[in-house]
Amino acid sequence: MTAKVPRPFITQALELAAQALFLSSPNPRVGCVIAAPGGQVLGQGFTQQAGGPHAEVVALRDAAARGFDVRGATAYVTLEPCSHHGRTGPCCDALAQAGIARVVASIADPNPLVAGQGFARLQAAGIEVEVGPGAQQSRELNIGFFSRMVRGLPWVRMKAAASLDGVTALANGASQWITSPEARADGHAWRARACAVLTGTGTVLHDDPRLDVREVATPRQPRLVVVDSHLQTPAHARLLDVPQREVLIYTAAPTGAAGAAALQARGAAVVSLPDAQGQVDLPALLRDLAARGVNELHLEAGQRLNGAFIRGGLVDEVLLYLAPVLLGSGAQGIAQWGPLTGLAQGLPLRLLGAEQRGPDLRLLARVTGRDAF
């Protein structure tokens with residue numbers, strides 16, 4: 001199974017997969033292009049909302065709707081076709097039944113229920129299989145899905161907005177708005193692609209935010225997760241006003257504690273996960289979120305909770321917006337986790353990109369080695 005195919009069809013399939021960015025959670029973002037031996041595109045599509053058709057089935061239906069016969073054609077798909085019955089049937093069987101002669105896939109599916117079995121079933125049906133083109137792009141597009149399947153943890157992206165000297169809020173707590181509308185809209189796009197947005201009770205009590213996606217169009221609202229060790233989230237909090245959004249409140253208090261019933265009456269799920277220090281057990285929280293199908297977790301919290309995630313080695317990536325302003329000393333920073341005694345104790349990052357959003361600079365950096373799975 002060697003990669004020897006022309007790039008354009010895989011490039012097209014990857015572009016289709018990107019259209020599922022806000023849509024397919026918890027399923028991976030997958031695109032598919034079906035082409036005739038002569039190069040004509042017969043059908044194309046990308047994975048729909050959970051419970052809806054996967055990319056391969058969408059492409060087959062597209063070809064049928066256009067009156068094309070796909071027998072003998074090649075399916076270019078950005079992830080191994082699934083081989084198990086979940087909410088939908090196996091895509092490998094759908095391709096075989098349609099008469100597809102060849103499948104070119106970017107990368108194997110890390111889901112243990114698939115993990116090569118899709119390729120094996122295609123080959124058993126007499127279909128030629130090639131793997132490799134676009135592998136890195138497909139993995140990056142689905143970094144959270146790979147993380148959940150391989151590590152049993154969501155991919156944690158910590159977002160912050162700060163001045164050039166690292167201030168996220170003044171000493172009196174004022175922080176709205178350090179960055180521009182363009183930066184805030186871009187931040188909402190990153191919220192929209194996440195399976196869940198996580199914040200702390202300090203942010204809830206101080207800012208009473210909604211923490212929903214408003215600045216970009218999205219077919220769904222990501223879940224909201226609140227770390228609230230002492231169950232202080234008020235039942236009138238605005239974050240509970242967002243319709244059709246699941247809210248999970250993790251606490252160190254027992255689920256029958258005062259205030260839990262009122263939060264549950266507002267539709268929130270209260271989960272007790274205490275650690276030995278009487279705080280929420282953050283590693284256990286991440287494992288629980290993975291079990292609930294969370295691929296990408298967007299951490300949008302204050303300096304104390306950010307610091308706790310960094311100290312625990314739980315941050316994978318940092319999304320940082322820097323405004324061209326200096327706000328001086330005595331203010332709040334991005335993360336409270338020092339003091340360090342040596343430079344080598346710092347969190348090593350690899351810069352992935354630097355782009356301007358309005359007057360602000362957006363930096364995306366990955367914790368060194370976190371993607372080695």
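User: What percentage of the 373 residues of the chain count as buried?

Analyst: In this predicted model, 51% of the 373 residues count as buried. A residue is placed in that class when its relative accessible area is under 20%.

User: Why is Leu 211 called buried?

Analyst: Leu 211 has a relative accessible area of 6%. The cut-off for buried is under 20%, so Leu 211, at 6%, is buried.

User: What makes the phi of Leu 211 worth noting, and where is Leu 211 found?

Analyst: Its phi is near 55 degrees, which is a positive value in a residue other than glycine. Leu 211 is found in the loop between H8 and E8.

User: Why is Asp 208 called partly exposed?

Analyst: The relative accessible area of Asp 208 is 24%. Partly exposed covers the values between the buried limit of 20% and the exposed limit of 50%; 24% falls there, and therefore Asp 208 is partly exposed. Asp 208 also has a positive phi, of about 45 degrees, although it is not a glycine. Its place is in the loop between helix H8 (201-207) and strand E8 (223-227).

User: How do you know that Gln 44 counts as partly exposed?

Analyst: Gln 44 has 29% relative accessibility. Because 29% lies between the limits of 20% and 50%, Gln 44 counts as partly exposed. This residue lies in strand E2 (residues 41-46).

User: What makes Gln 12 a contact of Gln 44, and how far apart in sequence and in space are the two residues?

Analyst: Contact means heavy atoms within 4.5 Å, and Gln 12 is among the residues in contact with Gln 44 once neighbours within four places in sequence are left aside. The two are 32 residues apart in sequence and 9.1 Å apart in space, the latter taken from C-alpha to C-alpha. The 9.1 Å refers to C-alpha atoms, whereas contact refers to heavy atoms. Other contacts of Gln 44 include Leu 16, Cys 32 and Val 58.

User: How do you know that the radius of gyration of the chain agrees with a compact globule?

Analyst: For 373 residues, a compact globule would have a radius of gyration near 21 Å. The chain has 23 Å, and therefore the value agrees. Along its principal axes, the C-alpha trace spans about 70 × 45 × 35 Å.

User: Into which domains is the chain divided, and how many residues of each are in contact with the other?

Analyst: The division gives domain 1 (9-142) and domain 2 (152-367). Their centres, taken over C-alpha atoms, are separated by 34 Å. In domain 1, 10 residues are in contact with 13 residues of domain 2.

User: Which residues of helix H6 are buried, and what covers them?

Analyst: In helix H6 (residues 143-151), the buried residues are Ile 143, Gly 144, Phe 145, Phe 146, Ser 147 and Arg 148. Their cover includes helix H5 (135-141), strand E6 (155-163), helix H10 (282-291) and strand E11 (296-299). After H6 comes Gly 152, with a positive phi near 70 degrees.

Methods:
Residues numbered from 1 in each chain as written. Predicted model: local features only at pLDDT ≥ 70, side-chain atom pairs only at ≥ 80, totals over all residues. Heavy atoms only, no water. Rg over C-alpha atoms; globule rule 2.2 N^0.38 Å. Buried < 20%, exposed > 50% of the residue type's maximum accessible area, 1.4 Å probe, protein only. Domains from an automatic or database assignment. Helix = DSSP H or I, 4+ residues; strand = E, 2+ residues; numbered from the N terminus.
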